[in-house]
Amino acid sequence: MIADATITTVIAITRRGQTRSIPPVLMWFALLGLPTYLGATAYLVIRWSAVTATAPQLIFTYVALTWPWVGAVGLWYYEKRVIPDFSAHVAGVLSGSPDYMPGLSRSTRNAVVFLWAALVVVAYLLSHQFVTHRFAFQGWSDPWYIVSCLAVTIWAILTGTGFTGVLNTGAVVQNACKRHTFVIDPYHPDNVGGLGAFGSLTIRTTMLFSSGALYVPILTLTATELGPYIGAGAWALVILFSLFIGWSFLVPNYTVFATARRALAAQVAGAHKQLAALAEVILKGHPSDQQHTAFANVHTLYKDLRETQIFPFDPATLAKLVSAVLLPIFMLLLEKAVSRLTG
């Protein structure tokens, strides 16, 4: 129940802040961000003479410390803004109730978070030599090391829960396509037949997911110091992360496009059948004004349906996608630039 408990806690705390008119970003910065920065700074001041971390390692440690409080805001935003907005705007394009679009099951979500958290904590424990050498931790007898382990565990749970959002969006889209018939509206204001809700859901999920790039610099710095093979593996993970960011957007949208194309073809065929039937009546002679009007309306609908674009995103969305995909690479290059500038 670890994922459920995390989401429930984040939402409850955020709601309490909102009742006091505190914006979620400000509240989580004060609650999680500021104490983290102050605690890390206090530790460095106390043990500065023993700390051997390089300037890039210190800089990007602080960058990495940004994600936990930003991630908490992201979790709240996904659960209370992204998913509800999607449900509200997708109703017109689905034949049934949009409420029946189950996402990732609770058991799967909890299993993913548990496995991810366990993997991260084990990886941190295995990097014991690095953290003791660079950050002057002194093993299990050191309260600061225990605090760092607890902080990493919390971080792992937050990031794991955030990752399940990507899987949940994929499941929501998949179930929407499987359980509903799409009704393409050629006159919808989103200019993509009403499918813009899918594009909005997936790009917002992808952008939230890409925020994990804040960890890229400290990951590569740590891995490089642990050995050349581990360093190369970290670089490969960054590339895979970028590819997965793209996958998290493109695969669900391809599913939507394939489903919408079939629905649109059926609607075009239906309009053509109506058109043929009305044409036959008119050609028999003495058609009424009503029949002429109906023929004109169906002909317009037929033409507009054939011209409807059903890609569920626009150029602005694609620009956001490219930015999200390139963010990990940018952070990697930024780390190299800072390392070079600081010698």
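**View 1. Helices α1 and α7 are roughly perpendicular to each other (angles of 65 to 115 degrees count as roughly perpendicular, under 35 as roughly parallel, over 145 as roughly antiparallel and the rest as oblique).** The contact joins Ile2, Ala3, Thr6 and Ile7 of α1 to Ile157, Leu158 and Thr161 of α7; contact means heavy atoms within 4.5 Å. Helix α1 covers residues 2-19 and helix α7 residues 143-179. Their axes come within 10 Å and cross at roughly 95 degrees. Axes are lines fitted to C-alpha atoms, for helices over the stretch in contact, and angles run from 0 to 180 degrees between N-to-C directions. Helices are DSSP runs (H or I, at least four residues), as are strands (E, at least two), numbered from the N terminus.

This is a predicted model: local features need pLDDT of at least 70, side-chain atom pairs count only at pLDDT 80 or more, and totals for chains, interfaces and linings use all residues. Residues are numbered from 1 along each chain as its sequence is written, and side-chain values use heavy atoms, with hydrogens and water left out.

**View 2. Helices α8 and α12 cross at roughly 20 degrees.** Their axes come within 9 Å. The two helices are therefore roughly parallel to each other. From α8, the contact uses Gly199, Ile203, Thr206, Met207 and Ser210. From α12 (residues 315-341), Thr317, Lys320, Leu321, Ala324 and Leu327 meet them.

**View 3. Ile245 sits in helix α10, residues 228-283.** At 0% relative accessibility, Ile245 is buried (under 20% relative accessible area; exposed is over 50%, partly exposed in between, with a 1.4 Å probe and protein chains only). Neighbours within four places in sequence aside, Ile245 contacts Thr206, Phe209, Ser210, Leu321, Ala324, Val325 and Pro328. Ala197 is 48 residues from Ile245 along the chain, and their C-alpha atoms are separated by 19 Å.

**View 4. Arg109 and Glu79 form a salt bridge, 3.0 Å from N to O.** Arg109 lies in helix α5 (residues 106-126) and Glu79 in helix α4 (residues 67-90), so the pair ties together parts 30 residues apart in sequence. Arg109 is buried, at 9% relative accessible area. A salt bridge is a side-chain nitrogen of Lys or Arg within 4 Å of a carboxyl oxygen of Asp or Glu. The structure holds six salt bridges. Side chains of opposite charge can pair when their charged atoms come close.

**View 5. Arg204 forms a salt bridge with Asp85.** The closest N and O atoms are 3.2 Å apart. Arg204 is in helix α8 (residues 196-210) and Asp85 in helix α4, so this pair links distant parts of the chain, 119 residues apart. Asp85 is partly exposed, at 28% relative accessibility.

**View 6. Glu225 and Arg134 meet in a salt bridge, 2.7 Å from N to O.** The pair links distant parts of the chain, 91 residues apart. Glu225 belongs to helix α9 (residues 216-226), and Arg134 to helix α6 (residues 128-135). Glu225 is partly exposed, at 33% relative accessible area, whereas Arg134 is buried, at 15%.

**View 7. Cys149 and Cys177 are each buried.** The relative accessible area is 11% for Cys149 and 11% for Cys177. A disulfide is a pair of cysteine sulfur atoms within 2.5 Å. By this rule the structure has zero disulfides.
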